[in-house]
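Here's a quick briefing to read with the model open beside you. Take the topics in any order you like.

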Amino acid sequence: MMATHRADAPGGRHPATPGGRYLRATAINDRADEPHGDAVRDVCSRAFASVVQLRFRPDTPLLAIACSVRAAAHRHPALAVRVREAEMLIREALGEQVPTGGITPDQAVAVHVLLFASLVDELALTDDELDELIADAEAV
Amino acid sequence: MLTSLRDENRAAIGALPAPIRLLREVFAVAVRRCFTDRDPREITEYVRELLIRRRLPFDGGHAREAEALIRTALGELELAAGIPDDRRIAIMIVVVGDLARAEATGSDVTLFEGLVEHAERRVARFDPQPNGRPWRRKRPR
């Protein structure tokens with residue numbers, strides 16, 4: 001079980017790229033202009049995979065995963081989250097072989113950003129932990 | 001219905017609500033009898049194998065839609081939102097035919113007749129009558 005608060009939270013590392021700053025802003029419900037480009041997509045994809053692996057295990061029941069996707073969709077009804085695609089991207093990040101063909105890069109990055117924010121909220125990460133997660137995704 | 005299932009062609013069903021309602025019930029019966037006690041991840045594998053056998057693309061939207069429809073019949077109601085009716089019907093016909101042939105032996109006619117009769121009984125039991133529920137009808141004087 002995760003401690004309610006980490007006493008050794010390092011602090012000090014902050015998102016340093018446009019993609020990282022956008023992810024952070026989305027996760028803390030702050031305004032930010034959406035950046036574009038392959039580097040942004042890569043950061044979003046890696047941060048999404050990290051938070052998915054924190055939130056779920058490879059054998060997590062699909063109902064629990066679908067429930068998280070549904071919660072994200074309900075929190076942002078105007079964004080019309082593609083629930084089937086979102087679930088498959090989560091399962092792919094957990095190492096499953098699932099049908100993800102035909103999902104465009106723009107659709108994927110939209111799912112990555114939105115689900116990242118939603119799963120960070122489900123995990124109740126602190127700001128320092130959020131920054132660490134994003135900084136790790138930027139550092140690869 | 002039997003012709004559509006045997007020939008895997010929706011033409012015989014047409015676009016009328018009653019046959020389409022019956023097809024949904026046939027699909028629900030076939031799916032529940034095969035998958036209710038199974039891990040939903042087995043559905044992903046089943047759909048992949050089905051599409052490969054049919055020489056259809058197995059890694060894209062068709063596979064996601066087929067899995068979503070099957071899981072919807074098992075209770076995940078929101079998963080199939082946005083799938084057009086034509087696609088739903090095509091998927092249901094193919095899956096029903098495949099599951100029925102995989103689960104039993106005998107001629108197609110016998111298999112499908114049993115399945116359709118089962119579904120017809122369920123529709124008759126659970127769907128409201130078109131002229132109101134029996135207990136609301138006035139008694140004849």
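Predicted model: local features only at pLDDT ≥ 70, side-chain atom pairs only at ≥ 80, totals over all residues.

Chain A comes in at a mean pLDDT of 90, while chain B averages 84.

**Confidence, chain by chain**

- In chain A, 92% of the residues reach a pLDDT of 70 or more.
- Helix H3 (residues 62-75) of chain A is where confidence is lowest, with a mean of 93, and helix H4 (residues 83-93) of chain A is where confidence is highest, at 97.
- In chain B, 85% of the residues score at least 70.

**Where the chains meet**

- Eleven residues of chain A are in contact with 14 residues of chain B.
- On the chain A side of that contact, H3 and H4 of chain A are the elements that give two or more residues.
- H4(A) supplies the largest share of that side, with four residues.
- By type, the chain A side splits into six nonpolar, two polar and three charged residues.

**H4 and H5 of chain A**

- The axes of H4(A) and helix H5 (residues 105-123) of chain A come within 10 Å and cross at roughly 75 degrees.
- Angles of 65 to 115 degrees count as roughly perpendicular, so H4(A) is roughly perpendicular to H5(A).
- From H4(A), the contact uses Glu85(A), Ala86(A), Leu89(A) and Ile90(A); from H5(A), the partners are Gln107(A), Ala108(A), Val111(A) and Leu115(A).
- Sorted by type, the residues of this contact are six nonpolar, one polar and one charged.

**Gly20(A)**

- Look for Gly20(A) in helix H1 (residues 18-27) of chain A.
- Is Gly20(A) buried or exposed? Gly20(A) counts as buried because it has 23 C-beta neighbours inside 10 Å, and the cut-off for buried is 20 or more.
- Leaving out residues up to four places away in sequence, Gly20(A) touches Pro15(A), Val43(A), Ile134(A) and Glu138(A).
- His36(A) sits 16 residues from Gly20(A) in sequence, and the C-alpha to C-alpha separation is 12 Å.

**Chain B as a whole**

- Chain B has six helices and zero strands, so read from the N terminus its elements go α-α-α-α-α-α.
- Of the 141 residues in chain B, 29% are buried.
- Take the contacts in chain B with a separation of 6 or more: residues 24 or more positions apart account for 61% of them.

**H4 of chain B**

- Does the length of helix H4 (residues 61-73) of chain B agree or disagree with its residue count? At 1.5 Å a residue, the 13 residues of H4(B) should span 18 Å, and the end C-alpha atoms are 18 Å apart, so the two agree.
- H4(B) is mostly covered, with twelve of its 13 residues buried.
- The buried residues of H4(B) include His62(B), Arg64(B), Glu65(B), Glu67(B) and Arg71(B), as well as Leu69(B) and Ile70(B).
- After H4(B) comes Gly75(B), with a positive phi near 120 degrees.

Key:
Residues numbered from 1 in each chain as written. Chains lettered and ligands numbered in written order. Contact = placed C-beta atoms within 7 Å. pLDDT = per-residue confidence, 0-100. Nonpolar A, V, L, I, M, F, W, Y, C, P; charged D, E, K, R; others polar. Expected span 1.5 Å × (residues − 1). Axes fitted to C-alpha atoms, helices over the stretch in contact; angles between N-to-C directions. Parallel < 35°, antiparallel > 145°, perpendicular 65-115°, else oblique.
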